Amino acid sequence: MLNILKPLYPAFFASLKSNPESAHITTLKLLEQLYSQGDNFWAKCIIQDIEKSFSYHHPSLSQSLWNLKFDNPLGLAPGFDKNAQGAGIWHSFGFGFAELGAITLHCQNGNPLPRMFRLPKDKAILNRMGANNQGAEVIAQRLQQTWQKKSRSIPMGINLCKSKITDLNQASDDYLGSFRLLFPHADYFVVNVSSPNTPGLRSLQGGEQLELILEALQGENKGEKPILIKIAPDLEWEEISTILRVSEQYNLSGIVATNTTIKKEGLKTEILPETGKLITEEMGGISGKPLRNRATEVIKFIYQETNGKLPIIGVGGICDTESAWEKITAGASLLQFYSGWVYEGPWVVKEILQGLTKKLAEKGLNHIQQAVGIEHNNC
């Protein structure tokens, strides 16, 4: 039934442009209500229709990483479900995994409105949300209730960020506090030190502060769950190399490449209609298509520097099969997207997965893992 609505999606999407954050909030509330009423006959019917319309399964797409089974490599990126409202239903949309957050130790309202803007000419989103979320304790309680109702159907990650009110020199305690509260409720964790919307956060990507954070988390973790780090696309190569050395030192399980970019040159959108200012003067990070090439370059670099031994989650500009395939062949074992899912509609998950299956067959490959980093074999 939902497939008949696909031709109407562009008009529906355009109608929500004036207030995308409000539309986002409404969507999450509806999904939360739908999941909570999952025993209801009509709710069951809707969820089954969602799964039929958006899911795709093929054995060539499944893989195991960190002792976790991923039915497919395509996941929901953090930022969409900050408060874990849809945690129990993301598998129904065809995702192979989902990452919740960013979650901070303390509840925070985020930056002043408006703070989310669609740039349709660029198929991009500008956001300066400021990690608005209800805080680790409240979200931990919600997840506990969610998993009591039904166990996790796909691997669930949690993206950890520093609270705005916490001084940078106390960042390790802040991350550790969130980690302790949320530890039972997720399968892996990502240390977010690369969001441009928390003052000073990106300074934690290098040096002693990052080491203190990782030391605290791994000391608590004791090797039980995968811990990854998410990096910015705007780093220099030497800065990325430093993070890779620290990642090896603290036995991190992988790298998420990349977060949003603060670079706004070259966009088709010159003036942001909502503010009347030049886009280059606007604060916040850009996600979506403009990030595609740089994110892929970073993935290639990390794969080469680590000889393909450190798993990479590739993020940035994924919107179709080609953009997904290029990140896999560049070295990404898993993928995440948000902007592409919003722009193309929920049908795109199934389309990308079907496309990846076709790509594997065309290349004479039997499994998605065989495609990871194969671009480097031709160099």
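Reply: A salt bridge is a side-chain nitrogen of Lys or Arg that lies within 4 Å of a carboxyl oxygen of Asp or Glu. The model shown is predicted, so local features need a pLDDT of at least 70 and side-chain atom pairs a pLDDT of 80 or more, while totals for chains, interfaces and linings use all residues. Residues are numbered from 1 along each chain as its sequence is written, and side-chain values use heavy atoms, with hydrogens and water left out.

Me: Why is the pair of Glu-375 and Lys-300 called a salt bridge?

Reply: The closest N and O atoms of Glu-375 and Lys-300 are 3.1 Å apart. That value is within 4 Å, and therefore the pair counts as a salt bridge.

Me: What makes this pair of Glu-375 and Lys-300 a tie between parts of the chain?

Reply: Lys-300 lies in helix H8 (residues 292–305) and Glu-375 in the segment after helix H11 (347–362), so the pair ties together parts that are 75 residues apart in sequence. Helices (H or I, at least four residues) and strands (E, at least two) are DSSP runs numbered from the N terminus.

Me: How do you know whether Glu-375 is buried, partly exposed or exposed?

Reply: Buried means under 20% relative accessible area and exposed means over 50%, with partly exposed in between (1.4 Å probe, protein chains only). Glu-375 has 28%, so it is partly exposed. Lys-300, at 30%, is partly exposed as well.

Me: Why is the pair of Arg-142 and Glu-32 called a salt bridge?

Reply: The closest N and O atoms of Arg-142 and Glu-32 are 3.6 Å apart, and this is within the limit, so the term applies. Arg-142 lies in helix H4 (residues 136–149) and Glu-32 in helix H2 (residues 20–36), so the pair ties together parts 110 residues apart in sequence. With 18%, Arg-142 is buried, whereas Glu-32, with 27%, is partly exposed.

Me: How many salt bridges does the structure hold?

Reply: The structure holds 15 salt bridges. One of the others joins Lys-69 and Asp-71, at 3.4 Å. Lys-69 is exposed, since its relative accessible area is 56%, while Asp-71, at 31%, is partly exposed. Arg-292, Glu-326 and Lys-327 are linked in a network of salt bridges.

Me: How many aromatic pairs are counted?

Reply: The count comes to 20 aromatic pairs. Rings of Phe, Tyr and Trp (its six-membered ring) pair if their centres lie within 6.5 Å; planes under 30 degrees apart are stacked, over 60 edge-to-face, and the rest tilted.

Me: What makes Phe-93 and Trp-341 an edge-to-face pair?

Reply: Their centres are 5.8 Å apart, with 85° between the planes. The distance is within 6.5 Å and the angle is over 60 degrees, so the pair is edge-to-face. Phe-93 lies in the loop between strand E3 (74–76) and strand E4 (97–103) and Trp-341 in helix H10 (residues 339–344), so parts 248 residues apart in sequence are tied together. Phe-93, at 8%, is buried, and Trp-341, at 7%, is buried. Both belong to one aromatic cluster, whose members include Phe-54, Trp-90 and Tyr-338.

Me: Why is helix H9 called mostly covered?

Reply: Nine of the 10 residues of H9 (residues 321–330) are buried, among them Trp-325, Glu-326 and Ile-328. The cover includes H8, strand E14 (312–315), strand E15 (334–337) and H11.

Notes: Contact = heavy atoms within 4.5 Å.
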